[in-house]
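Student: I would like to go through the interfaces of this model with you. Could we begin with the terms and then turn to the numbers?
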Number of protein chains: 2
Amino acid sequence: MSHDLDQSVLNTLSQVSLFEGLTPHQLQIILQAAHHRHIPRHGYFFHQGEEATHLYVLLQGKARLTQITPEGQQVIIHLLGPGDPVAIIVVLSHAKYPVTARAHTHCDALSWERDSITRLMEQYGRLSLNGLKMVSERFLEMQDRYRELATERVERRIARALLRQINKPGNGRAAPHKITLSRQDLAEMTGTTLYTVSRTCSSWEQQGLITAGRGRITICNYTDFLNIAEDLPR
Amino acid sequence: MSHDLDQSVLNTLSQVSLFEGLTPHQLQIILQAAHHRHIPRHGYFFHQGEEATHLYVLLQGKARLTQITPEGQQVIIHLLGPGDPVAIIVVLSHAKYPVTARAHTHCDALSWERDSITRLMEQYGRLSLNGLKMVSERFLEMQDRYRELATERVERRIARALLRQINKPGNGRAAPHKITLSRQDLAEMTGTTLYTVSRTCSSWEQQGLITAGRGRITICNYTDFLNIAEDLPR
DNA sequence: TCCACTCTTTGCGCTAGCGCAAAGACAGCA
DNA sequence: TGCTGTCTTTGCGCTAGCGCAAAGAGTGGA
């Protein structure tokens, strides 16, 4: 790694939540232990069930974490964007990856070996505290999704999944909100089938709530979907 | 706190996973920041939606973490036993408790204020790494439960919930396995209704797989339930 | 530009499991 | 011990949503 590239990656690193609040010296040490990775579109970071060997931080691109059932059904656990860590759970001894991580677009990432990142986390409390915060946030979201799946009808769940996309950092606040997810994606995120998602979208389009497209949904009014999600009068 | 009580609690602390690997001196510092709490049976540690102010570690007794929906439905997120931390997510800034924590039996616990525990975690990398590991383990379980809820029929999910109880540390390995959970508890843990749990239990009892009782289920053969959970031939 | 593959929509039949109601059983407290 | 409240069981009617099939639309690569 050349000096200029180091500086550039250091700047990038300092803006990644996992590394927030660390000194430039600490960042330097952390970067020295990192490896640069390029994953092609549709390529895999790792597969579910494999020994967990590396932590990744996505620098550029989009990826997905999914779980596959023995029967071949797929559930989307999380969508990842730039700055997101991948597989913090590597710090668990003898952990296997509980999910498959696949690049949705071409991805640039940094990776750290398990022993390496574990040592760094033990050494730098702030680093592991940041990791704890990020896993906690994902855990909170999963708890909510579990509760929703257990207690709410499909329409509300789909509305919530759309709202979660809109609310992601970096996405614009102004309507219309363009969401590039297929019916199958939404189905895998909400525990239903693509047919049910399609029927729901068709119904919403007839009501003028969305503009539907292939792999795409445009939401006209955020509050409408908030009301659907919360089962409030529209 | 008298000297003897300190020593006794210190011994207890050193066996709590969250404090594993810390020096006696570090444990001393941590204990100095702790408060002792007694929660009566059916009493609350905290309620969902409240500002998250304290982390707790259960010393004795059993408790439950639940989420309640606006419609009054309840989902059991986690069952807690001695040594379990409660609300590690307090380290998130401005967090609200995402769940309600209620004592199932009389409980003894230690608590730490948010700022206090956050500072300790930043200071002692091992402490926050331990916290990260524990949240990660719970997160992994929730991921699995989500996938199961999204893709599996009720019978399998109930079988899995029973297996999880059997597999908890401290529970005997030898059949018969006694599980003290009501039909309603199991329903709240598996996203179904008490009627469906009851029907399933009746069916299993007729097949000689369990002995059913009020608030109780005794499992005769672990492997039978493994096969049900994995949808394998019996 | 054309073709193949994938995504989307819609009709339709089916069922797993929900939820109400009633009756019986059981545990805890006065 | 008796009573009350809660838990469990079972019958029954109902439906949300599954899943198959077919047709149409759209995208990407040669």
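Tutor: A salt bridge is a side-chain nitrogen of Lys or Arg within 4 Å of a carboxyl oxygen of Asp or Glu. This is a predicted model, in which local features need pLDDT of at least 70 and side-chain atom pairs count only at pLDDT 80 or more, while totals for chains, interfaces and linings use all residues. Residues are numbered from 1 along each chain as its sequence is written, chains are lettered from A and ligands numbered from 1 in the order in which they are written, and side-chain values use heavy atoms, with hydrogens and water left out.

Student: How many salt bridges are there between chain A and chain B?
Tutor: There are four. In one of them, R126(B) pairs with E122(A), with 3.7 Å between the closest N and O atoms.

Student: Which elements of chain A supply at least two residues each to the side that touches chain B?
Tutor: They are strand 4 (63–68), strand 5 (74–80), helix 3 (114–123), helix 4 (125–151) and helix 6 (183–190); helices (H or I, at least four residues) and strands (E, at least two) are DSSP runs, numbered from the N terminus. Helix 4 of chain A gives the largest share, 22 residues.

Student: How many residues are in contact, and what area do the chains bury?
Tutor: With contact meaning heavy atoms within 4.5 Å, 43 residues of chain A meet 43 residues of chain B. The two chains bury about 4,100 Å² between them, 70% of it on carbon and sulfur atoms. Buried area is the accessible area (1.4 Å probe) that two parts lose on being put together, summed over both. On the chain A side, L132(A), F139(A) and Y146(A) lose the most area to chain B, together 18% of what that side buries.

Student: Changing topic, where are the domains of chain A?
Tutor: Domain 1 spans 3–149 and domain 2 spans 153–229, with bounds from an automatic or database domain assignment. Their C-alpha centres lie 27 Å apart. Eleven residues from domain 1 of chain A and twelve residues from domain 2 of chain A make the contact.

Student: What area is buried between these domains?
Tutor: About 1,000 Å², of which carbon and sulfur atoms give 45%. I76(A), L79(A) and E148(A) lose the most area in domain 1 of chain A, together 47% of what that side buries.

Student: And how many salt bridges are between the two domains?
Tutor: The count is three. E148(A) also forms a salt bridge with R164(A), at 2.8 Å from N to O.
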